[in-house]
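Look at the structure shown here and follow it one part at a time. The text begins with an open space in the protein and then moves on to a helix and several loops.

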Amino acid sequence: MDVHCTTCGEPWDTDHLMHDAIHDTQLPDEEVLAWKKLPFSERFNAHISDEFFAAGWRFGRTLLNVTRCPACPPEASPNPDQLHLKAELEEMLAGDEDGLIVENTELDL
């Protein structure tokens, strides 16, 4: 399933976000391998967020809430209504990745 960027609407495959987007960062291979072994709930922290930020990615509380992506035009801003709704969903569905994917996908339709 895809979730869409809140800023530009670009669809991103959830498997890509959870397993492959980490390769967009400048992290060394050893750190990427260690990251991939972490439970999903532990994968998004301040250090990883900074690495993704440097690669053009912005997320809400999880990797499944793309608020800005490398495809976004430089001057683009996120849709404020979707930004708020997706943040609420992340809070309500904390720990339920499948539920978050389904709800984010339905928001993007």
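A pocket is an open set of grid points with protein on both sides within 12 Å along at least five of seven lines, and its lining residues have an atom within 4 Å of a point. The model is predicted. Rolling a probe the size of a water molecule over the atoms shows where empty space is left.

The largest pocket has a volume of about 220 Å³. Its lining is made up of 16 residues, and Phe40, Arg61, Thr62, Ala94 and Gly95 are the ones that lie nearest the centre. By type, the lining residues are seven nonpolar, three polar and six charged. Two helices, H4 (80–92) and H5 (97–107), each supply at least two residues of this lining.

Helix H4 can be followed from its start. At the N-terminal end, Asn79 caps H4, with a side-chain oxygen 2.9 Å from the backbone nitrogen of Asp81. How far apart are the end C-alpha atoms of H4? They are 18 Å apart, and this agrees with the span of 18 Å that 13 residues should have at 1.5 Å a residue.

Which residues of H4 are buried? They are Lys86, Leu89 and Glu90. Seen down the axis of H4, the buried residues fall within an arc of 100 degrees, so they line one face of the helix. An α-helix has 3.6 residues a turn, so residues three or four places apart point the same way. Pro80, Asp81 and Met92 lie on the other side of H4 and are exposed.

Asn65 sits in the loop between strand E3 (58–59) and strand E4 (66–68). Is Asn65 buried or exposed? Asn65 has a relative accessible area of 2%, and buried means under 20%, so Asn65 is buried.

Another loop, the one between E4 and H4, holds Ala76. With a relative accessible area of 22%, Ala76 is partly exposed. Ala76 and Cys8 are 68 residues apart in sequence, while their C-alpha atoms are 7.2 Å apart in space. Cys8 belongs to the loop between strand E1 (2–4) and strand E2 (11–13). Its relative accessibility is 32%, so Cys8 counts as partly exposed. From Cys8 to Arg58 there are 50 residues along the chain, and the C-alpha atoms are separated by 12 Å.

The last stop is the region around helix H3. Leu38 lies in the loop between helix H2 (29–37) and helix H3 (46–54). At 28% relative accessibility, Leu38 counts as partly exposed. Leu38 and Trp57 are 19 residues apart in sequence, and their C-alpha atoms are 20 Å apart in space. Asn45 caps the N-terminal end of H3, where a side-chain oxygen of Asn45 lies 3.1 Å from the backbone nitrogen of His47. Just after H3 comes Gly56, which takes a positive phi of about 95 degrees.

How values were computed. Residues are numbered from 1 along each chain as its sequence is written. This is a predicted model: local features need pLDDT of at least 70, side-chain atom pairs count only at pLDDT 80 or more; totals for chains, interfaces and linings use all residues. Side-chain values use heavy atoms; hydrogens and water are left out. On a 1 Å grid over the protein atoms alone, a cavity is a set of points where a 1.4 Å probe fits but cannot get out, and a pocket is an open set with protein on both sides within 12 Å along at least five of seven lines; lining residues have an atom within 4 Å of a point. Grid points are joined across faces, edges and corners, and a volume is the space filled by probe spheres set on the points. Helices (H or I, at least four residues) and strands (E, at least two) are DSSP runs, numbered from the N terminus. Ala, Val, Leu, Ile, Met, Phe, Trp, Tyr, Cys and Pro count as nonpolar, Asp, Glu, Lys and Arg as charged, and the others, Gly among them, as polar. The expected span of a helix is 1.5 Å times one less than its number of residues. Buried means under 20% relative accessible area, exposed over 50%, partly exposed in between (1.4 Å probe, protein chains only). The arc is that of the directions from the helix axis to the C-beta atoms. A polar contact is a pair of N or O atoms within 3.5 Å; within protein, one must be able to donate a hydrogen and the other to accept it, and residues adjacent in sequence count only if both atoms are side-chain atoms.
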